[in-house]
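Let's take a friendly walk through this structure, looking at charged pairs, a helix and some aromatic rings. Keep the model open beside you as you read.

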Amino acid sequence: MELNRKNLDAMRVAFNLKFKAGVEGYKPLYSNLVMVEGDIAHDSIEFPYIEQFSGMREWLGDRQFKNLSTKTIRIKEKPFELSVSIPRRSIETDNWGMYGTVITTMGEKTEELWDKLTIEAMANPADWFDGKPFYASNRKYGTDKKAGTINNTAELALSFENFGTFYLQMSTFTGAAGTPIASRPTHLIVGPHLEDTARIIMQQDKYRDADGNEVMNPHKGKCQIIVHPLLTGDYANDWYLGKFDSVMKPILLLKNKVGKLVSLDKDEDDNVFMRNEVVYGTEAFGNAAALFPHLLGRSRPAGG
């Protein structure tokens with residue numbers, strides 16, 4: 001193929017379609033787990049600490065205002081890039097079509113980024129507003145004597161009995177004034193290693209208890225299952241219970257700039273002149289953070 005502007009523009013159009021197909025073909029899981037914020041005009045977002053919204057109250061006397069604390073979590077974007085180079089000789093000899101799969105994969109990986117950020121925020125979150133780890137056993141919302149303890153961590157392996165124990169733990173939190181928090185989990189999140197166990201717990205009619213007796217499964221259908229392929233390696237045995245059925249979700253995903261395909265294919269570009277290569281790349285800017293300990297808990301078995 002002659003390396004003129006018309007042919008290079010046509011190749012760029014073809015690659016952009018491949019890239020778009022990769023983005024649209026990826027099946028993301030993050031959309032079920034996060035609140036999405038962000039825009040291209042800002043590089044960070046500050047989320048204020050809300051002590052507790054316990055719901056409507058009877059209006060007796062003056063209004064009672066929920067204070068937005070001066071404590072905030074600041075989520076700053078991180079830059080990400082993915083680039084490939086194609087030898088110009090491959091274009092001249094009409095072999096550039098074989099790189100279409102590479103470009104499609106770039107599109108998939110661009111969309112996969114948001115899943116990676118979500119899982120990183122869930123599996124390895126930064127410290128919370130109060131300086132404690134996000135997953136902690138001794139957190140309280142406020143200083144009221146009636147404030148309950150928010151214990152969103154456990155060291156239990158996933159099983160019928162342990163699921164019930166942790167589910168109850170995550171369902172019975174009370175807030176600053178001792179009033180119940182609507183924290184009952186809606187989702188069980190596991191990696192591939194625990195998929196079979198999770199499906200048995202959530203879908204099986206009966207199970208054998210500790211004494212070997214076959215009994216009805218009280219947990220059937222309690223939670224939706226999300227099997228996330230990124231929960232492997234160090235996270236393979238972790239399992240999470242979270243409430244993800246309302247507008248306020250426990251994880252915030254900052255999507256400031258979504259990737260698109262750009263190219264350097266002009267004769268005067270350094271990569272073309274110096275290395276005889278055409279370069280395609282994409283970039284994205286974003287981040288994620290875990291925000292609400294009463295809406296997300298993790299059980300990491302002792303010993304990993």
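Predicted model: local features only at pLDDT ≥ 70, side-chain atom pairs only at ≥ 80, totals over all residues.

Residues are numbered from 1 along each chain as its sequence is written, and side-chain values use heavy atoms, with hydrogens and water left out.

Side chains of opposite charge can pair when their charged atoms come close. Here a salt bridge is a side-chain nitrogen of Lys or Arg within 4 Å of a carboxyl oxygen of Asp or Glu, and the count by this rule is 10. Start with lysine 20 and glutamate 24, whose closest N and O atoms are 3.9 Å apart in such a bridge. Both residues belong to helix H1 (residues 5-25) and sit 4 residues apart, about one turn of the helix. Helices (H or I, at least four residues) and strands (E, at least two) are DSSP runs, numbered from the N terminus.

Next, find glutamate 283 and lysine 257, which form a salt bridge at 2.5 Å, N to O. Glutamate 283 is in strand E15 (residues 277-290) and lysine 257 in strand E13 (residues 251-257), so this pair ties together parts that are 26 residues apart in sequence. A network of salt bridges also links Lys109, Glu112 and Lys116.

Now turn to helix H5 (residues 195-203), where Ala198, Ile201 and Met202 are buried. Buried means under 20% relative accessible area, exposed over 50%, and partly exposed in between (1.4 Å probe, protein chains only). Looking down the axis of H5, you will find its buried residues within an arc of 90°, so they line one face of the helix; the arc is that of the directions from the helix axis to the C-beta atoms. These buried residues pack against helix H4 (160-171), strand E8 (187-190) and strand E11 (224-227), where contact means heavy atoms within 4.5 Å.

Finally, how many aromatic pairs does a search of the whole structure find? There are 9. Rings of Phe, Tyr and Trp (its six-membered ring) pair if their centres lie within 6.5 Å; planes under 30 degrees apart count as stacked, over 60 as edge-to-face and the rest as tilted. Tryptophan 128 and phenylalanine 129 make an edge-to-face pair, 4.7 Å centre to centre with 90° between the planes, and both residues are buried. Elsewhere, ring pairs join Phe163, Phe166, Tyr167 and Trp239 into a cluster.
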